[in-house]
Amino acid sequence: MPAPLIRQPLPASLAQADSAAGLFGALRQRLTGVPMAFLDSSDHSHTPRPERSRYSILAFSFGPQATTVQHRSRREFLNWLAHAWDAPDNVPHAAQEDPAFQLGWVGVLGYEYRTQFFYATHAVVVDHHTGTAELQSLGEDAGWVEAVTEALQLAQSGQLTQSRQDVLQTNAAQAVAPGVLRQLRARDSQAEYLGKIAAAQEQIRRGNTYEVCLTTAVNGSLTADPWQSYLQLRAQNPAPFTQYLQLPGSAFDGEDTVILSTSPERFVQVSSAGLIRSEPIKGTRRRHLNPDQDAAAADDLRAHPKDRAENVMIADLVRNDLSIHAAPGTLRTERLCAVETYATVHQMVSTISAQLEPGASRARAICDAFPPGSMTGAPKGSTMQILQDLESGPRGPYSGVAGYFSSTGACDLSVLIRAAVLTAGEPGRWDFHLGLGGAITADSEPQAEWEEILTKSRGVLGALGAEFPTEPYPC
């Protein structure tokens, strides 16, 4: 019989803005080599939607009950998830005042259904609204309580973390120092990407699709500590779903993989009571230092017919995905074409929700909505086939999802965009991969679509002191 879940308050305050990041950094140094994740609501102090960014989760897998699973197909993943998580009639629903995460599975579902999840045997759940935290473990573990308490003392003493202001102040110096990102190459040159846009629009004219979420990528080499790189990213790009995931022996390349995500987009959230919600994003404008220009950019996004059309098409696709398992009369569009503002971009987002039918398979509801419609286009099936023909390499984790499946029957998964995927190379070096994309419609202007790729790249590349490369991959 598995050990019981033990929950207890951490007898210390985490009211300081970056205490959760400091605590994770300290624990990361103590727990080297184990699967771990920091599901980080880094925008919690200044978000327009505080309920979405209330909790941050520090999850680790170690000890005799530590488990990691990998899958390479939809069938494998669905069968496993249905067995490991999908028991809505048997799980203890979380009370309304409790965090939805109470241990469970944490990890990544890649776009091509390559997955890696670990069972979190130990966790800290930080409540940013109250400045408190809860320790969780499988069975009583006095050593875990001691480790977290000592790590928090070190973090709050300032020895093991940088504040957001500290990171921002050092970025200018790092940007002109020898680059931590080297040998950057674009998968597609500008001309090649414009040619693929033309091919996508030809498919639209033939009636095979009406929106194609075309992607490309930048590859290179990172010569820096992944955690320090993550701190730079979260400092410049705070978002509700920033994440640091460390996956030893990854399913993607067979090597240790670290994912640094600054995603603003929720794929699917399911409450323990079965309320399912998705928040697709379509539509982007870059921020401006001039307040009037910045406001004008947001207003242009809010009113632009192309962006609204893109967003409505994907919202309609998500409504269809969620309706498959929805109780009659519960499907709702809570928001349509709302504009949210982040550190480097304005984004257009819609929110769709439904109550799952009694007895519905939560695992199947997740899989029937995957991949995220905002990363495929519509109709989903035929458009994915078009993308397979147009794109010159696998997406991997990019445009897949990451997050948790809790023992309470709840889950929260974000879309892996604005995310750097690092794969272990030679000592001190990581292979770097950044996926980028945009929605192509009949009235897309190819040059504007290319400019959107450059805009989206700046959040990650700029934070690491680099620019979009002018050279394509070598032939």
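Trainee: Why is Arg74 called partly exposed?

Mentor: In this predicted model, Arg74 has a relative accessible area of 32%. Buried means under 20% and exposed means over 50%, so a value in between counts as partly exposed.

Trainee: What makes the contact of Asp368 and Arg74 a salt bridge?

Mentor: Their side chains meet with N and O 2.9 Å apart. The cut-off is a Lys or Arg side-chain nitrogen within 4 Å of an Asp or Glu carboxyl oxygen, so the pair qualifies. Asp368 belongs to helix 9 (residues 362–369) and Arg74 to helix 2 (residues 74–84), so this link ties together parts that are 294 residues apart in sequence.

Trainee: How do you know that Glu150 and Arg30 form a salt bridge?

Mentor: The closest N and O atoms of Glu150 and Arg30 are 3.0 Å apart, and the limit is within 4 Å, so they pass. Distant parts of the chain are linked here: Glu150 sits in helix 3 (residues 142–156) and Arg30 in helix 1 (residues 19–30), 120 residues apart. Glu150 is partly exposed at 31% relative accessibility, and Arg30 is partly exposed at 44%.

Trainee: How many salt bridges does a search of the whole structure find?

Mentor: The search finds 29 salt bridges. Some residues are linked in a network of them, including Arg49, Glu51, Arg266 and Asp412.

Trainee: Let's turn to helix 11. Why are Glu452 and Lys456 called buried?

Mentor: Glu452 has 15% relative accessibility, and Lys456 has a relative accessible area of 10%.

Trainee: What joins the side chains of Glu452 and Lys456?

Mentor: They meet in a salt bridge, with 2.8 Å from N to O. A polar contact of 2.8 Å also joins the two side chains; the cut-off for that is within 3.5 Å, so it counts too. Both residues lie in helix 11 (residues 446–463), four residues apart, about one turn of the helix. In general, an α-helix has 3.6 residues a turn, so residues three or four places apart point the same way.

Trainee: Which residues is Glu452 in contact with, leaving aside its neighbours within four places in sequence?

Mentor: Those are Thr284 and Gly438.

Trainee: How do you know that the span of helix 11 agrees with what it should be?

Mentor: At 1.5 Å a residue, its 18 residues should span 26 Å, and the end C-alpha atoms are 27 Å apart, which agrees. Helix 11 does have a kink of about 40°, centred on Ser457. Just after this helix, Gly465 takes a positive phi of about 75°.

Trainee: What makes helix 6 largely enclosed by the rest of the structure?

Mentor: Helix 6 (residues 226–236) has eleven residues and nine of them are buried, so it is largely enclosed. Among the buried ones are Trp227, Tyr230 and Leu233.

Definitions and conventions. Residues numbered from 1 in each chain as written. Predicted model: local features only at pLDDT ≥ 70, side-chain atom pairs only at ≥ 80, totals over all residues. Heavy atoms only, no water. Helix = DSSP H or I, 4+ residues; strand = E, 2+ residues; numbered from the N terminus. Buried < 20%, exposed > 50% of the residue type's maximum accessible area, 1.4 Å probe, protein only. Expected span 1.5 Å × (residues − 1). Bend = angle between axes of the 7 residues up to and from the residue. Polar contact = N/O pair within 3.5 Å; in protein donor to acceptor, adjacent residues only side chain to side chain. Contact = heavy atoms within 4.5 Å.
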